[in-house]
Amino acid sequence: MAGSGWSAGVAPVRRRGPALERAILDSALDRLSTVGWNALTMEAVAAGARTGKAAVYRRWPTKTDLVAEVLRTGLPALGEIADHGSVREDLYALCVRMRDVMRSQAGTALRAVLHECDHAHAGLFREVIWKGLHEPAHEVIRELLQRGIERGDVRADATSPLLADVIPAMLMYRAKVCGSEWPDVEIAEMIDGVMVPMLRV
């Protein structure tokens, strides 16, 4: 029906509140991780959620708003890193966890956004990345270093915020500039060749 707001050929499903919002976000994540930022349309998101465009625009007035919410809610949490008995093994486990986050559907979507979005939108997404990935990673790294200091395998003065920057910076640089998918062997080389020597007692 003309002017109905429903996507062509898509039968609407009557949902409201959180159920409808979850369907829209899931559809947006699926589309974003498949076609990327540039090809993503609000019409396709609405069709995937089996709702009308108006339902999407009422909640997220722009594609940027919608994608930012998708990334904020979709990125898996890093969680805690178990004590593996040495800072080397703890940091290795953290890097594997961070790599797995970036390989998740939301991580794939995030990488698409980073590669494709223009400068006008980059600031908002940088904030999402910082709060969703880098800030939690820094907190965990600081905890692991303090654990290592207390254990005795990290030097007592290894408390500079710059040390917590090294792993996220290396992972992001190698992924974005060099296209590295961070296989286990590269994670081990980075921990053994860069981090452990910097932290050694």
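The model is predicted; local features require pLDDT of at least 70 and side-chain atom pairs count only at pLDDT 80 or more, whereas totals for chains, interfaces and linings use all residues. Residues are numbered from 1 along each chain as its sequence is written, and side-chain values use heavy atoms, with hydrogens and water left out.

The chain contains 9 helices and 0 strands, where helices (H or I, at least four residues) and strands (E, at least two) are DSSP runs numbered from the N terminus. Along the sequence the pattern reads α-α-α-α-α-α-α-α-α. Taken along the principal axes, the C-alpha atoms fill a box of roughly 70 × 30 × 25 Å. Of the 201 residues in the chain, 42% are buried; buried denotes under 20% relative accessible area, exposed over 50%, and partly exposed in between, with a 1.4 Å probe and protein chains only. Among contacts (heavy atoms within 4.5 Å) with a separation of 6 or more, 71% join residues 24 or more positions apart.

Helices H1 (17-39) and H6 (residues 105-116) pack at an angle of about 20°, with their axes 8 Å apart. Axes are lines fitted to C-alpha atoms, for helices over the stretch in contact, and angles run from 0 to 180 degrees between N-to-C directions. H1 and H6 are therefore roughly parallel to each other, a class that covers angles under 35 degrees, as against over 145 for roughly antiparallel, 65 to 115 for roughly perpendicular and the rest for oblique. Their crossing is left-handed, meaning that the near helix is turned anticlockwise from the far one by less than a right angle (clockwise for right-handed). H1 contributes Leu29, Asp30, Leu32, Ser33, Gly36, Trp37 and Asn38 to the contact, and H6 contributes Gln105, Ala106, Thr108, Ala109, Ala112, Val113 and Glu116. These residues divide into 7 nonpolar, 5 polar and 2 charged; Ala, Val, Leu, Ile, Met, Phe, Trp, Tyr, Cys and Pro count as nonpolar, Asp, Glu, Lys and Arg as charged, and the others, Gly among them, as polar.

Within H2 (42-49), the residues Met42, Ala44, Val45, Ala46 and Ala49 are buried. The buried residues of H2 pack against H1, H3 and H4 (63-74). Ser27, located in H1, is itself buried, with a relative accessible area of 6%. Apart from residues up to four places away in sequence, Ser27 touches Ala44, Val45, Gly48 and Ala49. The side chain of Ser27 also reaches the backbone nitrogen of Ala49 at 3.5 Å, a polar contact being a pair of N or O atoms within 3.5 Å in which, within protein, one must be able to donate a hydrogen and the other to accept it, and residues adjacent in sequence count only if both atoms are side-chain atoms.

Lys63 lies in H4. Its side chain reaches the backbone oxygen of Leu40 at 3.2 Å. With neighbours within four places in sequence set aside, Lys63 is in contact with Trp37, Asn38, Leu40 and Met42.

Two residues other than glycine show positive phi values in loops. Arg50, with a phi of about 55°, lies between H2 and H3 (53-59) and counts as partly exposed at 41% relative accessibility. Trp182, also with a phi of about 55°, is found between H8 (161-176) and H9 (184-199) and counts as buried at 6% relative accessibility.
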